[in-house]
Amino acid sequence: MDVCKAQTLINQTKMKNRNRICIYPKEAAALLGRTEKHTYRIFQAIRDCYGLKSNQYVSIRIFADYTGLDEEEIRLKLI
C-alpha cells in the first residue's frame, strides 16, 4: 500500500468517527482517566439524570453536557 492510499484510508476513518453519535464506557474511561467500572457508574448516573432506559445509548452530546467537557474536543479525542 502506498502512502497516498494509506493517508486516504486514515482520512476516511476519521470522517466516519466524526459523524458518530454515541460514546461507550470504555472510550469514556480513556478520556476521563478512570476505570471502566467507574465509567459504567457514570453512565448509569447519566441515564438516571436524563431519563434514559438502561438499554439506551448515551450520546456524545449528553455525555459532554453531563461532564462539562467540550463536545468537539471529545469527538476529536475519539478519532
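This note walks through the predicted model point by point, from the whole chain down to single residues.

1. **Ground rules.** Because this is a predicted model, local features need pLDDT of at least 70 and side-chain atom pairs count only at pLDDT 80 or more, while totals for chains, interfaces and linings use all residues. Residues are numbered from 1 along each chain as its sequence is written, and side-chain values use heavy atoms, with hydrogens and water left out.

2. **Overall layout.** The chain holds five helices and two strands. Read from the N terminus, the elements follow the order α-β-α-α-β-α-α. Helices (H or I, at least four residues) and strands (E, at least two) are DSSP runs, numbered from the N terminus.

3. **Surface and contacts.** The chain has 79 residues, and 24% of them count as buried. Buried means under 20% relative accessible area, exposed means over 50%, and partly exposed lies in between (1.4 Å probe, protein chains only). Of the contacts between residues at least 6 apart in sequence, 44% join residues at least 24 apart; contact means heavy atoms within 4.5 Å.

4. **Helix α2 against helix α3.** Axes are lines fitted to C-alpha atoms, for helices over the stretch in contact, and angles run from 0 to 180 degrees between N-to-C directions. From α2 the contact draws on Pro25, Lys26, Ala28, Ala29 and Leu32, and from α3 on Glu36, Thr39, Tyr40, Ile42 and Phe43. By class, the contact has seven nonpolar, one polar and two charged residues. Here Ala, Val, Leu, Ile, Met, Phe, Trp, Tyr, Cys and Pro count as nonpolar, Asp, Glu, Lys and Arg as charged, and the others, Gly among them, as polar.

5. **Helix α3 against helix α4.** Helix α3 also packs with α4, at an angle of about 95° and with axes 11 Å apart. These helices, α3 and α4, are therefore roughly perpendicular to each other. On the α3 side are Ile42, Phe43, Ala45, Ile46, Cys49 and Tyr50, which meet Ile62, Phe63, Asp65 and Tyr66 of α4. By class, this contact has nine nonpolar, no polar and one charged residues.

6. **Asp65.** Asp65 sits in helix α4 (residues 60-67) and is exposed, with a relative accessible area of 54%. Its side chain is joined to that of Tyr50 by a polar contact of 2.3 Å. A polar contact is a pair of N or O atoms within 3.5 Å; within protein, one must be able to donate a hydrogen and the other to accept it, and residues adjacent in sequence count only if both atoms are side-chain atoms.

7. **Ile60.** Also in helix α4, Ile60 counts as buried at 0% relative accessibility. Leaving out residues up to four places away in sequence, Ile60 touches Arg20, Ile21, Cys22, Ile23, Glu71, Ile74, Arg75 and Leu78.

8. **Arg20.** Look for Arg20 in the loop between α1 (3-18) and β1 (22-23). Is Arg20 buried or exposed? Arg20 counts as buried, at 17% relative accessibility. Its side chain makes a polar contact of 2.8 Å with the side chain of Glu27. Beyond its neighbours within four places in sequence, Arg20 is in contact with Glu27, Ile60, Arg75 and Leu78.

9. **Ser59.** Strand β2 (residues 58-59) contains Ser59, which is buried at a relative accessible area of 17%. Not counting residues up to four places away in sequence, Ser59 touches Ile21, Cys22 and Ile23.

10. **Leu31.** Back in helix α2, Leu31 is partly exposed at 29% relative accessibility. The C-alpha atoms of Leu31 and Lys77 are 7.5 Å apart, although 46 residues separate them along the chain. Apart from neighbours within four places in sequence, Leu31 is in contact with Ile23, Ile74, Lys77 and Leu78.

Conventions:
Parallel < 35°, antiparallel > 145°, perpendicular 65-115°, else oblique.
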